[in-house]
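Open your viewer and get ready to click. Each stop below tells you what to select and what to look for.

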Amino acid sequence: MNDHPALAVAAAVADRLAHPDTAPAAVFADATRQHLALGPTGIALLHIERAAAGLGPWQRAHNWLPAATRQPFTSGPDSHPFYGAPALAHALACATDHLPGSYQRALSLLDRQVADDARRRLDAAHRRIDAELLPALCEFDAIRGLTGYGAYLLRRDPTDPVLRAVLDYCVRLAEPVTHDGETLPGWWAPTGPSGRPDDRFPGGHANNGMAHGIGAVLALLALSARRGTTVTGHHQAMRAILAWLDRWKTNTDRGPVWPYWITRGNLRTGLHSPLAPQRPSWCYGTAGLARAQQLAALALGDADRQAEAEAALLDTLTDPAQLRATTGNGLCHGFAGLAHLAVRTATDAAATTAAQLSATALSLLATLLPPGTAPDEAATALVANEAGAGLLDGAAGTALALLAAAGTEPPRTAWDTCLLIG
């Protein structure tokens with residue numbers, strides 16, 4: 001770590017979120033308490049990461065984790081990777097990796113619950129495929145679906161048979177299907193991007209995002225292959241997804257860009273509307289997809305595709321028009337997420353490109369924290385912002401990204417495995 005001002009801001013955010021008794025009340029509201037993106041488990045990740053890096057006391061994490069569990073956590077059908085027992089499991093796993101023996105009994109119980117839930121969801125998904133029905137986004141996405149479960153299982157044990165079953169499902173999801181007489185990708189959802197019927201998406205859509213689309217499936221397949229876990233058809237599935245992304249890539253004077261989704265009309269004509277400068281976030285757009293494609297290229301040993309993916313990220317993170325389209329500070333679709341993606345991508349890039357990406361991460365911090373901004377002032381604004389104090393959009397996630405970007409190194413605790421970017 002260095003003495004970049006961002007570290008002081010991250011520390012000041014952690015100080016403002018030092019104890020659950022003095023945290024914003026919204027963190028413990030019924031709608032947010034069990035949510036990794038919004039609630040106390042996401043804030044605990046900030047303290048776990050800082051403690052693992054030697055930047056803060058473990059006691060803060062020990063305060064937040066029990067506070068999160070003052071009431072029972074939901075498990076089973078009403079939970080998902082970002083809500084309930086699986087979300088708590090992710091936070092405990094981050095702590096246990098650096099404090100062997102801590103929380104182990106609770107984590108072992110949660111691991112069994114997560115595995116049972118994944119098996120039940122897999123059974124339902126295969127029944128759906130056998131019945132020749134189209135998937136809901138929440139069946140497979142990173143936030144609520146099987147890709148998110150796969151990310152957790154891979155983190156815990158790359159040899160886990162339930163992980164292999166999730167990968168088998170991902171391979172099957174990547175196979176084309178015939179529906180209403182048309183050939184569709186297997187991940188074609190019959191709804192709009194919200195997961196609900198939408199008149200703007202007659203016939204549904206194919207989602208290209210990392211949060212709710214095929215980008216996360218590609219990333220999971222790539223990450224597991226890089227850790228030595230593959231299943232039959234694994235590499236073919238990655239290539240099929242990459243071919244889909246190649247099909248819908250648009251080369252512009254600001255580099256390649258990808259649409260957030262493809263409609264039935266796009267599929268029939270083979271065309272999509274010209275893309276105005278769009279937000280290049282983790283959840284949707286070029287930034288997250290560039291990292292997913294870099295990971296896939298590394299898994300496949302495709303040096304040309306790797307270079308193209310890294311160049312695409314550099315182009316998008318240095319394009320003034322795309323940066324103007326970016327609003328907010330958070331991980332999900334703000335500048336913190338862009339800086340964090342730059343650091344994560346640099347970790348696996350060739351030396352020259354890695355240096356460029358690290359420099360870009362630091363320049364993005366200047367957007368997040370304009371020169372001369374006092375750390376206490378910046379932290380107060382982040383915690384008080386309407387985005388809240390949580391992980392995905394709020395202050396805790398922004399502070400976590402500041403830690404990584406200021407040090408231009410990956411997280412110590414791998415807290416971002418839930419984002420499928422490393």
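Helices and strands here are DSSP runs, numbered from the N terminus; a helix needs at least four residues. With that in hand, select Thr-316: this residue sits in helix H13, residues 303–317. Keep in mind that you are looking at a predicted model.

**Stop 1: Thr-316**

Is Thr-316 buried or exposed? Its relative accessible area is 1%, so Thr-316 is buried, the cut-off being under 20%. Now show the side chain of Gln-322. The side chains of Thr-316 and Gln-322 make a polar contact at 2.4 Å. Next, show what else touches Thr-316. Beyond the neighbours within four places in sequence, its contacts are Pro-280, Thr-286, Ala-287, Gln-322 and Leu-323.

**Stop 2: the rest of H13**

Look at the start of the helix. There, a side-chain oxygen of Asp-302 comes within 3.3 Å of the backbone nitrogen of Asp-304.

Now colour the buried residues of H13. Among them are Arg-305, Gln-306, Ala-309, Leu-313 and Leu-317. What do the buried residues of H13 pack against? Their partners are helix H10 (234–248), strand S5 (255–257), helix H12 (286–300), helix H14 (320–325), H15 and H16.

**Stop 3: zoom out**

Show the whole chain. How many helices and strands does the chain have? There are 18 helices and 6 strands. Along the principal axes, the C-alpha trace spans about 60 × 50 × 40 Å. The radius of gyration is 20 Å. A compact globule of 422 residues would have a value near 22 Å, so the chain agrees with that expectation.

The accessible surface comes to about 15,900 Å², and 52% of it belongs to carbon and sulfur atoms. Buried residues make up 60% of the 422 residues. Now think about sequence distance. Of the contacts with a separation of 6 or more, 70% are between residues 24 or more positions apart.

**Stop 4: salt bridges**

The count of salt bridges is 22. Visit a few of them.

Start with Arg-16 and Asp-376. Their side chains meet in a salt bridge, 3.9 Å from N to O. The pair links distant parts of the chain: Arg-16 is in helix H1 (residues 5–16), Asp-376 is in helix H17 (residues 375–384), and 360 residues separate them. Arg-16 has 28% relative accessibility, so it counts as partly exposed. Asp-376, at 49%, also counts as partly exposed.

Move to Asp-117 and Arg-121. In this salt bridge the closest N and O atoms are 3.4 Å apart. Why are the two residues about one helical turn apart? Because they lie 4 residues apart in helix H5 (residues 104–130). Both Asp-117 and Arg-121 are buried.

Next, select Arg-226 and Asp-348. Their side chains form a salt bridge at 3.4 Å, N to O. Arg-226 lies in helix H9 (residues 214–226), while Asp-348 is in the loop between helix H15 (335–347) and helix H16 (351–368), so the pair ties together parts that are 122 residues apart in sequence. Arg-226 counts as partly exposed, at 41% relative accessibility.

Finish this stop with a group. Select Asp-180, Glu-182, Arg-264 and Arg-268 together: a network of salt bridges links them.

**Stop 5: Ala-389**

Go to the loop between H17 and helix H18 (395–407), where you will find Ala-389. At 5% relative accessibility, Ala-389 counts as buried. Then draw a distance line to Arg-128. Ala-389 and Arg-128 are 38 Å apart, C-alpha to C-alpha, and 261 residues apart in sequence.

**Stop 6: two positive phi angles**

Select Glu-132, in the loop between H5 and helix H6 (137–140). Its phi is near 60°, a positive value in a residue other than glycine. With a relative accessible area of 62%, Glu-132 is exposed.

Last, select Leu-420, in the segment after H18. Leu-420 is not a glycine, yet its phi is positive, about 60°. Is Leu-420 buried or exposed? At 1% relative accessibility, Leu-420 counts as buried.

Notes
Residues numbered from 1 in each chain as written. Predicted model: local features only at pLDDT ≥ 70, side-chain atom pairs only at ≥ 80, totals over all residues. Heavy atoms only, no water. Salt bridge = Lys/Arg side-chain N within 4 Å of Asp/Glu carboxyl O. Buried < 20%, exposed > 50% of the residue type's maximum accessible area, 1.4 Å probe, protein only. Polar contact = N/O pair within 3.5 Å; in protein donor to acceptor, adjacent residues only side chain to side chain. Contact = heavy atoms within 4.5 Å. Rg over C-alpha atoms; globule rule 2.2 N^0.38 Å. Areas by Shrake-Rupley, 256 points an atom, 1.4 Å probe, with all protein chains shown as cover.
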